[in-house]
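Hello,

Here is the structure I promised to pass on to you. Have a look at it first, and then read my notes below.

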Amino acid sequence: LGGNYMKKKKLAILGLSVCLLSTAGIAQAGSYGFNENVGAFNGSATTDWKTDPTPGDLNVFVNMSNVGGDYTVDVRDNMKKTATGATSNTGWVQSVGDEEAFRWTGARTGAYQDRIQFSNDLTTPVMVNVYGIWENN
């Protein structure tokens with residue numbers, strides 16, 4: 001009886017260990033809704049800064065649900081290095097309209113925070129509301 005109990009206990013501990021190790025390597029993606037008003041005549045708006053759950057990796061996805069009216073906006077990722085506060089940006093994805101999705105990927109060193117920036121064209125005469133979801137994973 002004692003031998004079987006010990007074997008079952010070891011097997012249970014081994015199973016728990018494998019489960020914990022397999023889930024420890026999976027980073028939790030951050031998914032965030034946005035609803036921003038982008039000012040007229042080259043106006044700009046940003047989401048809040050969010051910490052990248054995977055240091056050393058740029059993998060930001062934007063799914064634009066709606067851009068107000070028949071307008072489009074330009075979109076880019078702002079990046080802030082956690083250790084120094086230094087900021088940088090991806091290139092602009094230009095003329096983004098309703099129901100468009102895109103992703104920025106790449107390698108970077110250290111921990112970062114990201115936010116999404118939206119910009120109107122110089123000739124857009126009205127404030128434009130944009131909403132959708134972005135993910136940082």
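**What I found**

Of the 137 residues in the protein, 31% are buried (buried means under 20% relative accessible area, exposed over 50%, and partly exposed in between, with a 1.4 Å probe and protein chains only). Before going on, please keep in mind that this is a predicted model, in which local features need pLDDT of at least 70 and side-chain atom pairs count only at pLDDT 80 or more, while totals for chains, interfaces and linings use all residues. Residues are numbered from 1 along each chain as its sequence is written, and side-chain values use heavy atoms, with hydrogens and water left out.

**The overall picture**

The protein has 1 helix and 10 strands (helices, H or I with at least four residues, and strands, E with at least two, are DSSP runs numbered from the N terminus). Reading from the N terminus, the order of elements is α-β-β-β-β-β-β-β-β-β-β. The accessible surface of the protein is about 8100 Å², and carbon and sulfur atoms account for 55% of that (areas come from the Shrake-Rupley method with a 1.4 Å probe; for residues, only the protein chains shown count as cover). Take the contacts between residues at least 6 apart in sequence: 79% of them join residues at least 24 apart (contact means heavy atoms within 4.5 Å).

**The sheet**

In what order do the 4 strands of the open sheet stand? The order is β1-β10-β4-β8, with antiparallel pairing (two strands pair if DSSP finds at least two bridges between them). At the edges are β1 and β8, each with a single partner strand, so one side of each is left without a neighbour in the sheet. On average, neighbouring strands of this sheet are turned by 20° against each other, direction ignored (axes are lines fitted to C-alpha atoms, for helices over the stretch in contact, and angles run from 0 to 180 degrees between N-to-C directions).

Strand β4 covers residues 57-67 and pairs with strand β8, residues 100-107, over 8 bridges in the antiparallel sense. One of the places to look is D57, whose bridge partner in β8 is A107. β4 also pairs with strand β10, residues 128-136, in the antiparallel sense over 7 bridges. Here F61 has E135 in β10 as its bridge partner.

**The core**

The largest nonpolar core has 20 residues (a nonpolar core is a set of buried Ala, Val, Leu, Ile, Met, Phe, Trp, Tyr and Cys residues joined through side-chain atoms within 4.5 Å). Those with the most contacts inside this core are M64, V73, V75, W104, I116, F118 and V130. Two or more residues come from each of β1 (30-38), β4, β5, β8, β9 (112-119) and β10, and β4 gives the most, with 5 residues. In soluble globular proteins, nonpolar side chains tend to be buried together.

Not counting residues up to four places away in sequence, W104 touches residues including L58, V60, V62, V75, V93 and I116.

**Some residues in loops and one in a strand**

Is D52 buried or exposed? D52 counts as buried because its relative accessibility is 4%, and D52 is found in the loop between β3 (50-51) and β4. The side chain of D52 makes a polar contact with the side chain of R108 at 2.6 Å (a polar contact is a pair of N or O atoms within 3.5 Å; within protein, one must be able to donate a hydrogen and the other to accept it, and residues adjacent in sequence count only if both atoms are side-chain atoms). A polar atom of the D52 side chain also lies 2.9 Å from the backbone nitrogen of T54. Leaving aside neighbours within four places in sequence, the contacts of D52 include D57, Y112 and N136.

A86 is in the loop between β5 (73-81) and β6 (87-89). A86 counts as partly exposed, at 43% relative accessibility. From A86 to Y112 is 26 residues in sequence and 9.6 Å in space, C-alpha to C-alpha.

Finally, S95 in strand β7 (residues 93-96) has a positive phi near 55° in a residue other than glycine. E99 is not a glycine, yet has a positive phi of about 55°; E99 is found in the loop between β7 and β8 and is exposed, with a relative accessible area of 63%.

Best wishes
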